[in-house]
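Open your viewer and get ready to select. We will go stop by stop.

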Amino acid sequence: MVTLIEGGRLVDPVNLTEERSDILIENGIILKIVPRSAVKIDNQARVIDASGKIVAPGLIDMHTHLREPGEEYKETIATGTRAASAGGFSAIACMPNTDPRNDCRSVTEFILKQAERAGSARVYPIGAISIGLKGECLTDFGDLREAGAVGVSDDGFPVENSELMRRAIEYSFHHGLIPISHCEDRSLSRGGVMHEGSVSTRVGLPGIPGCSEDIMVYREIALARLTGRPVHIAHVSTAASIELLRRAKDEGIPVTAETTPHYFTLTHSAVAGYNTAAKVNPPLKTPYDVEAVKKGLAEGVIDVIATDHAPHSYLEKDVEFDKAAFGMIGFQTALPLTLELVREGIMSMAEAVAKLSTNSARILGVPGGRLLEGKAADLTIIDPEHSYLFEDHLILSKSKNSPFIGMNLKGIAALTMVGGKIVWERAA
Amino acid sequence: MKNFTHRNLLSMNDLSVEDISLILDTAESLKTISRRDIKKVPTLRGKSVVNFFYEPSTRTRTSFEIAAKRLSADTFSLSASGSSFVKGETLLDTGKNLQAMRPDLIVIRHSSSGAPHLLARSLDVSIINAGDGINEHPSQSLLDLYTIREKKGTLQGLQISIIGDIAHSRVARSDIIGLKKCGSKVTVCGPPTMIPMDIEDMGVDVVYDPREAVRGKDVVILLRIQLERQNKTLFPSLREYASFYGLNTDVMKNAKKDVIIMHPGPMNRGVEISSDVADGASSVILEQVENGVAVRMALLYLLIGGAKGGNVN
C-alpha cells in the first residue's frame, strides 16, 4: 500500500533546513520526497494530512529503562514502547539494569523478542559493561553485539574501577558497541538524595555535590584521550562537566554527551515539599547549571537530548523522600519541553530534531535519524502548536512518576511511524 | 484573641510571628499547671494522642506524653520496633491504619526528613513533627524560644550563637528559622565539615571558632554531637572536637556575664560541653526541659483543643 504524507514542513537535521514537501511511502520504505503537490497518486493511497505540522525523522531516545524482565509492575516493553511512540519516539535504547541484568545474550534476545511482539517503537538493548553490573569483570561484548546490543553501560551502577572502564572503552570499540557512562563518584554521592546546595540545606535533606559528576566526567575524558576510543557521557547536568566536555571536544577527544529535559527545565527547588517525583540521579541542579545545559545544547557541546525514562510505581515513590527511588518517566514530555527551547530561541527546530534523533542514531550506530529516499519510513509528525495541560490520564507508561504533571505543555507527537506502520496517532 | 488556624505543626516555616507569640503565651499560662499539687486539667478529656516514634527518644517522647496527660488526653505510644514497620509495612499504611482508630493527633518522630509532611498530605488527623531526619524539630525550637523569651524578656534584637553539627541538626534548622522570624541575629559555629553548604542563605553568620561564637552573645545554644549519625569523616576524634569546638570555662571567658547556655539534650559531657559549664550559673538546660512540657501542652491545646484561641482554665 502507498501512503502519502502531504502538506507538512520537512525537517532535515543534517542540512539544517525546513521545507514544505510531501513523502510517498511504499512497503515501509520512503519512495519519494517531492515538493508540494508534485506527486500524483491513485485513489487507493492512504493520505495523511500534515499541514501545519512538522515532519521529522523518527525520534530516537538513547537512554531509557523499560523494566522488563523483572519489574513488570513498573513498565513492560509493550507499555514502554507504546508510551515512547506517543512521545514521538520511533526507536529507543534500553539500559541493562533489569532483573536479571542484561549482561548476556539470552536477556538481550528476550528483550528484542518482546519488542517484536509489542510491535511499536524499535528497541535497541544496551548491554551491561560488567557481569551483574558489579564492576568486576567484563561481559561478553562480542556475544552481546551478535545478539543485538548496540552499546554497553553499567548506568546506575557506575564502574568505579578505572582500569575496568579503560578496558571496556578499548574492547567495546572493536565490537562496534558504544560505551555509555553514568558519571558519579559514589564516595561523594553516597547517602545523598538531592543536589547539595541552598535548597538541601533549607529542607534538611542530605546532598550530593555537583562535583561527584564532574570528577567522573573528567575520568572518562582522560580515558577517551588515552585510548583514542569514543565514550558517551549520559545525562550531563552540571555547568562544570559541560565545560570539561567543551574543552575535550576542542581537543578532538572522541567524547559525546547527552542531557535530559529535566536538566534544562527544572532546578533543585522542584523537590520542595519532599516531592519524590523530582528525585532523580544525577539530582536536579541550580538555575546556573540549567543555563549552562541550555548553552551546552545551543553550542553543540551536548549532542543528544534523551529522557532517562525511569518508571517507578507508588511503592517506590509514595514513601519517605530518602527511601524513594531515583528517576522519573520522560517519554511524553521530552518533545514539548525540547520545543520550549526552540521557542526560547536556544536552538532551531532542525537542531532540536538532530538532538532528539539524528545524533542518537549516529552515536549508537543505528539506522534512522534522517528522512531519505530508499530508507525505512521511521518518522514523527509533530504538532508544535497544540497546547494542553499534562495530566496523569494522558500518561501511557505504566508508572506515573513525572514532576511535570499539572504543567502546561505545548507541542505533541501527532503521529509516529515505524517502518511505514503507524504505531501512534493522536486522536484529533 | 488571635486564632490559631493550623491543623499540623510540621515546620517553623509554617508559623507566623503571631502564631509563635500565641503558642508561647499559651504555654506561659499552662506552665503553672505542672507546679500544682494536682497536675491535671480536663481541657483535652476525650481526646487521644498517639506518640509514634520511629527513632529512639526519651526526652521528647516523655515530654509529649506528660503534656498530653496533664491536659487529660489519652495517650498511646508506638515505636519502630513494636510497630508493623519491622514487618515491612509502609509509613503511609501505618499512618492510615492509625488514623482509622480515630486519634485526634499523631506526634511523629522519624529518621527521614519530610516523613511527617508525607503523612500530613495523606491523613486528616493533626500531625506534630517531633523531629524528622536532619530537617526540623519545631517543638524543640518553640521551647527554646520560650526559654529565651522568659530569660531575656524578648527575642527581638538578641545575639544568638548555635554551636555544633549544624549540618545534621534538626534543632539548628528549626531554631534558625524561628529565631530569625522573631528578630534575633543568629550566628552558627562548628568545624567546616559540619557547616552545611549555602547556610548563609538562611540569613545567618558563620564562624569557626567557639570563642568568637560566644563573644558578645546573649544566648549560646549547643548541639549534641550525634555520635550515632557520624560517619568517620566529619571530625577526627572526640578529643579533638572537645578541644577545638567544645564549650568550657576557658571559652566562656569570652562570653558576656549574662549569657545563657542552652542544650537540647542529651548532653555528651566533656565533648560539646564541659560539666562545669553545663552545671554552671549560666546554664538553663533543665529549665528548657520544664518549659518543653508547657510548650507541648500549648501545642496540643491549640491544635486539638476545640475552642481555638479561647481561654485556658
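**Stop 1: the two domains of chain B**

This is a predicted model. Start with chain B, where the domain assignment gives two parts to colour. Domain 1 covers 12-136 + 289-304, and domain 2 covers 138-285. Their C-alpha centres lie 25 Å apart.

Now look at where the domains meet. Domain 1 of chain B brings 21 residues to the contact, and domain 2 of chain B brings 19 residues. Which elements give two or more residues to the domain 1 side? Select helix 1 (17-31), strand 4 (126-132) and helix 11 (285-304) of chain B. Colour that side of domain 1 by residue type: eleven residues are nonpolar, six are polar and four are charged.

**Stop 2: a sheet in chain B**

Stay in chain B and show the strands. Five of them form an open sheet, in the order 7-6-5-8-9. Parallel or antiparallel? The pairing is parallel. Strands of a sheet pair through backbone hydrogen bonds.

Select the edges next: strand 7 (205-207) and strand 9 (260-262) of chain B. Each of these edge strands pairs on one side only.

Zoom in on one pair. Strand 8 (residues 219-222) of chain B runs parallel to strand 9 of chain B, with three bridges between them. Pick B:Val219, then find its bridge partner in strand 9, B:Ile260.

**Stop 3: where chain B touches chain A**

Show both chains. How many residues of each chain are in contact? The count is 21 residues of chain B and 18 residues of chain A.

Select helix 3 (91-100), helix 4 (115-122) and helix 6 (170-181) of chain B; each supplies at least two residues of the side that touches chain A. Helix 4 of chain B gives the most, with three residues. On this side of chain B, nine residues are nonpolar, seven are polar and five are charged.

**Stop 4: two helices in chain A**

Move to chain A. Select helix 1 (residues 77-86) and helix 2 (residues 105-118) of chain A. They pack at an angle of about 60°, and their axes are 9 Å apart. The two helices of chain A are therefore oblique to each other. Helix 1 of chain A passes helix 2 of chain A in a right-handed crossing.

Show the side chains at the contact. From helix 1 of chain A, pick A:Ile77, A:Ala78 and A:Thr81. From helix 2 of chain A, pick A:Ile111, A:Gln114, A:Ala115 and A:Ala118. Five of these contact residues are nonpolar, two are polar and none is charged.

Technical notes. Residues are numbered from 1 along each chain as its sequence is written. Chains are lettered from A and ligands numbered from 1 in the order in which they are written. This is a predicted model: local features need pLDDT of at least 70, side-chain atom pairs count only at pLDDT 80 or more; totals for chains, interfaces and linings use all residues. Axes are lines fitted to C-alpha atoms, for helices over the stretch in contact, and angles run from 0 to 180 degrees between N-to-C directions. Helices (H or I, at least four residues) and strands (E, at least two) are DSSP runs, numbered from the N terminus. Angles under 35 degrees count as roughly parallel, over 145 as roughly antiparallel, 65 to 115 as roughly perpendicular and the rest as oblique. A crossing is left-handed if the near helix is turned anticlockwise from the far one by less than a right angle, and right-handed if clockwise. Two residues are in contact if their C-beta atoms, placed from the backbone, lie within 7 Å. Ala, Val, Leu, Ile, Met, Phe, Trp, Tyr, Cys and Pro count as nonpolar, Asp, Glu, Lys and Arg as charged, and the others, Gly among them, as polar. Domain bounds come from an automatic or database domain assignment. Two strands pair if DSSP finds at least two bridges between them.
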